[in-house]
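Reader: I am new to this structure and would like to learn how its features are read. Could you take me through them one at a time?

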Amino acid sequence: MEQQINQPGADQEIQSLKEQIADLRKEAAKYRINAKNSSAENQTAQEQLKALQEELAITRKENLLVKRQLLLDKAGCIKSDLVANIIPDDCENIQLWIDEYKRDNGILFKQENHGGAFKPSLINNLSPSELMNTFIRQAAGR
């Protein structure tokens with residue numbers, strides 16, 4: 001009961017369809033290869049973007065630290081590099097914080113000279129370094 005198709009154009013049409021299918025498979029393979037390459041390139045780009053974002057965050061933090069040190073230097077801080085590290089990250093008014101810190105820890109800031117260099121002979125003339133050592137010793141309880 002098998003019925004065979006013996007049309008002269010049918011074999012050609014079947015062969016043509018097989019060739020078209022083979023061409024489509026080759027094209028699909030190209031697209032898959034391109035998609036894999038694109039995915040790898042995208043992943044590399046994502047990694048580069050992440051590295052750049054981390055570098056930007058580090059640079060922003062360093063920039064903030066330098067700005068804070070500059071403000072502390074302007075306020076007369078002797079150890080601005082150390083004091084800048086204890087300023088809270090969420091501090092909105094840094095100048096107010098510095099003013100309060102200066103009031104509480106005056107020894108860390110240069111004293112303003114309002115003229116005259118006369119000091120009575122009984123007062124110790126300590127250098128800023130000696131003042132700092134004295135402050136540290138007093139804070140440590142020695």
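Reader: Does Tyr101 count as buried or exposed, and at what relative accessibility?

Author: Buried means under 20% relative accessible area, exposed over 50%, and partly exposed in between, with a 1.4 Å probe and protein chains only. At 16% relative accessibility, Tyr101 counts as buried. Please keep in mind that this is a predicted model, in which local features need pLDDT of at least 70 and side-chain atom pairs count only at pLDDT 80 or more, while totals for chains, interfaces and linings use all residues. Residues are numbered from 1 along each chain as its sequence is written, and side-chain values use heavy atoms, with hydrogens and water left out.

Reader: How is a pair of aromatic rings described?

Author: Two values describe such a pair, namely the distance of the centres and the angle of the planes. Rings of Phe, Tyr and Trp (its six-membered ring) pair if their centres lie within 6.5 Å, and planes under 30 degrees apart count as stacked, over 60 as edge-to-face and the rest as tilted. In the whole structure, a search finds two aromatic pairs. The ring centres of Trp97 and Tyr101 are 5.0 Å apart and their planes stand at 10°, so this pair is stacked. Trp97 and Tyr101 are four residues apart in helix 3, which separates them by about one helical turn; helices here are DSSP runs of H or I with at least four residues, numbered from the N terminus. Tyr101 also pairs edge-to-face with Phe109, at 6.4 Å centre to centre and 70° between the planes.

Reader: Which residues have the most contacts inside the largest nonpolar core?

Author: A nonpolar core is a set of buried Ala, Val, Leu, Ile, Met, Phe, Trp, Tyr and Cys residues joined through side-chain atoms within 4.5 Å. The largest one has 14 residues, and those with the most contacts inside it are Leu72, Val83, Trp97 and Phe109. Helix 3 (residues 94-104) gives the most to this core, with four residues. Phe109 is buried, with a relative accessible area of 3%, and Trp97 counts as buried at 18% relative accessibility.

Reader: Which side chain of opposite charge is nearest to Arg68?

Author: A salt bridge is a side-chain nitrogen of Lys or Arg within 4 Å of a carboxyl oxygen of Asp or Glu, where Lys and Arg count as positive and Asp and Glu as negative, and His and the chain ends are not counted. Arg68 has its place in helix 1 (residues 8-74). Arg68 is buried yet has no salt bridge, and the nearest side chain of opposite charge, Asp89, is 4.1 Å away.

How values were computed:
Helix = DSSP H or I, 4+ residues; strand = E, 2+ residues; numbered from the N terminus.
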